[in-house]
Amino acid sequence: MPFVTARTAFNYGTATYIYQPSTYCQHSTSAQDYGKCYNIVVGKAIFVQTDTTTYPTLPCESDGTCTRYTSTTWERTITTIFSYSGKQAILQFFNSRSHSSVAITGNIMYLYGLPVPVPSGLPPAYLWFLPSPNYELTSWPIYNPLINYKAYVDPYKITVGRVNIIGWQGNFFTTSAELRVYESNVNNIWYAFDTVVVWAYESSPLAIIPLDYDRDYVPYQELRNVFGYAYTGVDQPGWNADDIISVLRELFPDRAWAVFDDKSLILYLYNLTPDFVPDWLVEKLNPVSMKVLMRPSNSSIAKAWLDELNRRNAYNQSPSEVI
Amino acid sequence: MSGRAQPNQPPQGGGSPPPANQPPASPPGKRKVRIRKGKRWVEVEVDDVIQKGRFKYVKFTDDDGFETYWVYPE
């Protein structure tokens, strides 16, 4: 069974395609611009402030530059990266950069404010594929040649806060993974980040539709293990192309979606035509042909599918460059 | 193999069959190309040839009745 590679990026305030973003937020309560975030590239930064009496609304909430959390936590799950139904996946690589009010200090297990992809089901902060929690390394950067793990602090300066970067390469067998941040129950912190994740999974028929895992969770449950979920909206393997088509017809009759049959190499299009299939998807799947199951009744349905796939996958390009 | 809805059936021909020993006539203006389907090469009547992005597609109606776009190999 061949394996195929999946790759995705998460841009929360900074972005992978900017070498040195200058994104930061102000978290000094004595500062006049407290709660403001600056130089957001893509998406929103994250701000934790539990005091809703003194700070009912932060400026960054009002202007849409941050997502505010009003409770502290030891570890925050940002999103699910992939969650497969009995399909094997191998987490292979990640690179994570954050701009944060909290710096990596002391033990490298405690990467405050820096997102790390973690196989699901592990106890909080039990990142055992990273170096041992007993490594008390206080000099930076860190390079551990045994597991090809790298960490850097402040490769460049920002106005407020620190720049933290970690990278890891290895093999972790799992059927699901999440993007989590260790916050250590600290209040009044902020972070912005971009993270690239690479994993592999068994070649399979794919459901190609961006599912909103968090807000659309009930329909996801209804997928009945016919296919998995991935943040990319593309790398969602199932067992049988016909079953995937059947379930998608039932659940999403009014949305656009595609199904790739990895045996016949046919890409089935629903509420879509090839006009809406981006080149990068053709390059990735390499189909022999495309078949239109149903033409779009309204081109905005097809456009919504294309825009969302581009947003989640064309991460090495700025939005204006995406075709 | 359950669930996939039946596609539109290709139109059933009416009228008299073509004379013996002669291939059925193609509609005027439709050219044919050989494409690979599964493990064999077949000749299909082309509805259109489309260039989109850096890929070229042959549009035709497949035996199953679906509007189909064959991707030219690079």
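Chain A is assigned a domain 1 (3–201) and a domain 2 (206–316), with bounds taken from an automatic or database domain assignment. The model is predicted: local features need pLDDT of at least 70 and side-chain atom pairs pLDDT 80 or more, while totals for chains, interfaces and linings use all residues. Residues are numbered from 1 along each chain as its sequence is written, and chains are lettered from A and ligands numbered from 1 in the order in which they are written.

Biologist: Which strand supplies the largest share of the side of domain 1 of chain A that touches domain 2 of chain A?

Modeller: Contact requires C-beta atoms, placed from the backbone, to lie within 7 Å; on that basis 16 residues of domain 1 of chain A meet 14 residues of domain 2 of chain A. Both β1 (3–12) and β6 of chain A give at least two residues to the domain 1 side, strands being DSSP runs of E with at least two residues, numbered from the N terminus. The largest share, five residues, belongs to β6(A).

Biologist: In β15(A), what is the bridge partner of A:Phe82?

Modeller: An open antiparallel sheet of chain A has the strand order β8-β12-β6-β15. β15 (229–230) of chain A is at an edge with a single partner strand, so one side of it is left without a neighbour in the sheet. Strand β6 (residues 75–83) of chain A pairs with β15(A) over two bridges, pairing being defined by at least two DSSP bridges between strands. In β15(A), the partner of A:Phe82 is A:Ala230.

Biologist: Which residue of β5(B) is the bridge partner of A:Ser289?

Modeller: The contact between the chains takes 18 residues from chain A and 19 residues from chain B. On the chain B side, the largest share, five residues, comes from β5(B). Strand β18 (residues 289–294) of chain A runs antiparallel to β5(B), joined by four bridges. The partner of A:Ser289 in β5(B) is B:Trp70.

Biologist: Does B:Arg34 count as buried or exposed?

Modeller: B:Arg34 lies in strand β1 (residues 32–37) of chain B and touches B:Trp41, B:Val42 and B:Glu43, not counting residues up to four places away in sequence. The classes are buried for 20 or more other C-beta atoms within 10 Å, exposed for 12 or fewer, and partly exposed in between. Because B:Arg34 has 9 C-beta neighbours inside 10 Å, this residue counts as exposed.

Key. Two residues are in contact if their C-beta atoms, placed from the backbone, lie within 7 Å.
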